[in-house]
Amino acid sequence: MYTDHPSLTFDSIDTIDQITAEINKSQSSICIDVYIWSNDAVGNSMLNALSNAAKRGVNVRVHIDGFGSRDWILNRHGKLFSKNNLEFKIFKKLPGWLKL
């Protein structure tokens, strides 16, 4: 995350809040690499923030780890990204996994 005023957080909620704030301020593009993406409150909050950014005309790309987010992939939550005009790629795909 690029910022003019970097800070260190010790709490995951603070970290997500800071990331969401940066997403909300973005004007041209966002590229996020994620190891674990879950279909939970945090994942849905991030999805909403990214969707709102895309609606503002921000180019949004999300790279999702194929191993760490395997439940997300197997449950085909990628459709939520496509539905919200978000570009996503899965990296480190394991052989034989379902294609989205």
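Two strands are taken to pair if DSSP finds at least two bridges between them, and helices (H or I, at least four residues) and strands (E, at least two) are themselves DSSP runs, numbered from the N terminus. The model described here is predicted, so that local features need pLDDT of at least 70 and side-chain atom pairs count only at pLDDT 80 or more, whereas totals for chains, interfaces and linings use all residues. Residues are numbered from 1 along each chain as its sequence is written, and side-chain values use heavy atoms, with hydrogens and water left out.

The protein contains 4 helices and 3 strands, which follow one another along the sequence in the pattern α-β-α-β-α-α-β. Of its 100 residues, 30% are buried, where buried means under 20% relative accessible area, exposed over 50%, and partly exposed in between (1.4 Å probe, protein chains only). With contact defined as heavy atoms within 4.5 Å, 69% of the contacts between residues at least 6 apart in sequence join residues at least 24 apart. The protein exposes about 6800 Å², of which carbon and sulfur atoms supply 52%; accessible areas come from the Shrake-Rupley method with a 1.4 Å probe, and for residues only the protein chains shown count as cover.

The 3 strands form an open sheet in the order E1-E2-E3, with parallel pairing. Strand E1 (29-34) and strand E3 (87-91) are the edge strands, each of which pairs on one side only. On average, and with direction ignored, neighbouring strands of this sheet are turned by 15° against each other, the axes being lines fitted to C-alpha atoms, for helices over the stretch in contact, and the angles running from 0 to 180 degrees between N-to-C directions. E1 is joined to E2 by 6 parallel bridges, and Ile32 stands opposite Val62 in E2. Strand E2 (residues 59-65) in turn pairs with E3 in the parallel sense over 5 bridges, and His63 stands opposite Lys89 in E3. In a regular strand the side chains alternate between the two faces of the sheet. In E1, the covered face consists of Ile30, Ile32 and Val34, while the uncovered face consists of Ser29, Cys31 and Asp33.

Not counting residues up to four places away in sequence, Thr20 touches Ser45, Met46 and Ala49. Ser51, placed in helix H2, likewise counts as buried, at 4% relative accessibility, and is in contact with Asn84 and Leu86 when its neighbours within four places in sequence are left aside.

The structure holds 1 salt bridge, defined as a side-chain nitrogen of Lys or Arg within 4 Å of a carboxyl oxygen of Asp or Glu. The side chains that meet in this way belong to Lys25 and Glu22 (3.2 Å, N to O), which both lie in helix H1, 3 residues apart, about one turn of the helix. Lys25 is exposed, with a relative accessible area of 54%, whereas Glu22 is partly exposed, with a relative accessible area of 23%.

Tyr35, in the loop between E1 and helix H2 (41-55), is partly exposed, with a relative accessible area of 46%. Together with Ile36 and Phe67, Tyr35 makes a nonpolar surface patch of about 320 Å²; patches are made of residues with over 30% relative accessible area and no salt bridge, like charges being joined within 9 Å and nonpolar side chains (Val, Leu, Ile, Met, Phe, Trp, Tyr) within 5 Å.
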